[in-house]
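Please look over the sequence and the structure shown here before reading on. The briefing below takes up the overall layout and then the bonds and pairings between side chains.

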Amino acid sequence: MPFKTDFKKMLTKKNIFNSLFIVLVLGILFIPSAKAFVIQGLMEIGLFNPNVEKKALPVTADLSHIQFKDAKGKIINLEALRGKVIFLNFWATWCPPCLAEMPSVNRLYEQFKNDSDVVFLMIDADSDFAKAQAYMDRKKYKLPVYTFASQLPKELFKGSLPTTIVFDKKGRISFNEEGAANYSNSKFIAFIKQLKELKD
């Protein structure tokens, strides 16, 4: 009899463990903040670093036709920002990889926020300023939120979230990457500083 009792206890413990494991996996799959937390952890150990080794590509689109607007309705035109390094990030509040990379984007922004040669545009793909700003406020981020005010060329944004594009001072695409990345790592900071030094 003792063998049967021990076996039943073992089965019960195993069932509890399996149930907890399934709940954990389902939580990671279906709860955006849980998935974002896991991705952030992977970023912290060195995964998801942006590849800054790519060469600058000439922009085939006319930058004057690319416009975004802020919550107050103010329109910003990319052509007007020529001569500055532009960090452009397309994101949404429901997107776990977007939420995962946001702390690193905020750290990068904090490093360059007083630098007039670097501009940050966080483009809310849902065009829901209230929801996007509520997220920024809850996390205490000061990142500037914008939304679309014109059509975008497919070369810039294919619809994947998150997508990050960096324009150099000449208006060339120096970086274009889909998916989450750690933008506060030392290589990416050096990359932005290098683009700042580029002569107009």
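What follows describes a predicted model, beginning with the chain as a whole and ending with individual residues.

The chain contains five helices and seven strands, and, read from the N terminus, these elements follow the order α-α-β-β-β-α-β-α-β-β-β-α. Of the 200 residues in the chain, 43% are buried.

**Overall architecture**

**The disulfide**

- The structure holds one disulfide, which is formed by Cys95 and Cys98, with their sulfur atoms 2.4 Å apart.
- A disulfide is a covalent bond that joins the sulfur atoms of two cysteines.
- The S-S bond of Cys95 and Cys98 has a torsion of about 75°, and the disulfide is therefore right-handed.
- Both partners, Cys95 and Cys98, are buried.

**Salt bridges**

- A search of the whole structure finds four salt bridges, and three of these, described below, include the pair of Arg82 and Glu79, the pair of Asp115 and Lys196, and the pair of Asp168 and Arg172.
- Asp115 forms a salt bridge with Lys196, in which the closest N and O atoms lie 2.4 Å apart; because Asp115 sits in the loop between H3 and strand S4 (118–124) while Lys196 belongs to helix H5 (residues 186–197), this pair ties together parts that are 81 residues apart in sequence.
- Asp115 and Lys196 are both buried.
- In the salt bridge between Arg82 and Glu79, the closest N and O atoms are 3.0 Å apart; Arg82 is partly exposed, with a relative accessible area of 39%, and Glu79 is likewise partly exposed, with a relative accessible area of 30%.
- In the salt bridge between Asp168 and Arg172, the closest N and O atoms are 2.8 Å apart; Asp168 counts as buried at 2% relative accessibility, whereas Arg172 is partly exposed, with a relative accessible area of 30%.

**Glu110 in helix H3**

- Glu110 is placed in helix H3 (residues 96–112), and because its relative accessibility is 33%, Glu110 counts as partly exposed.
- Although Glu110 and Lys142 are 32 residues apart along the chain, their C-alpha atoms are separated by 8.4 Å.

Notes. Residues are numbered from 1 along each chain as its sequence is written. This is a predicted model: local features need pLDDT of at least 70, side-chain atom pairs count only at pLDDT 80 or more; totals for chains, interfaces and linings use all residues. Side-chain values use heavy atoms; hydrogens and water are left out. Helices (H or I, at least four residues) and strands (E, at least two) are DSSP runs, numbered from the N terminus. Buried means under 20% relative accessible area, exposed over 50%, partly exposed in between (1.4 Å probe, protein chains only). A disulfide is a pair of cysteine sulfur atoms within 2.5 Å. A salt bridge is a side-chain nitrogen of Lys or Arg within 4 Å of a carboxyl oxygen of Asp or Glu.
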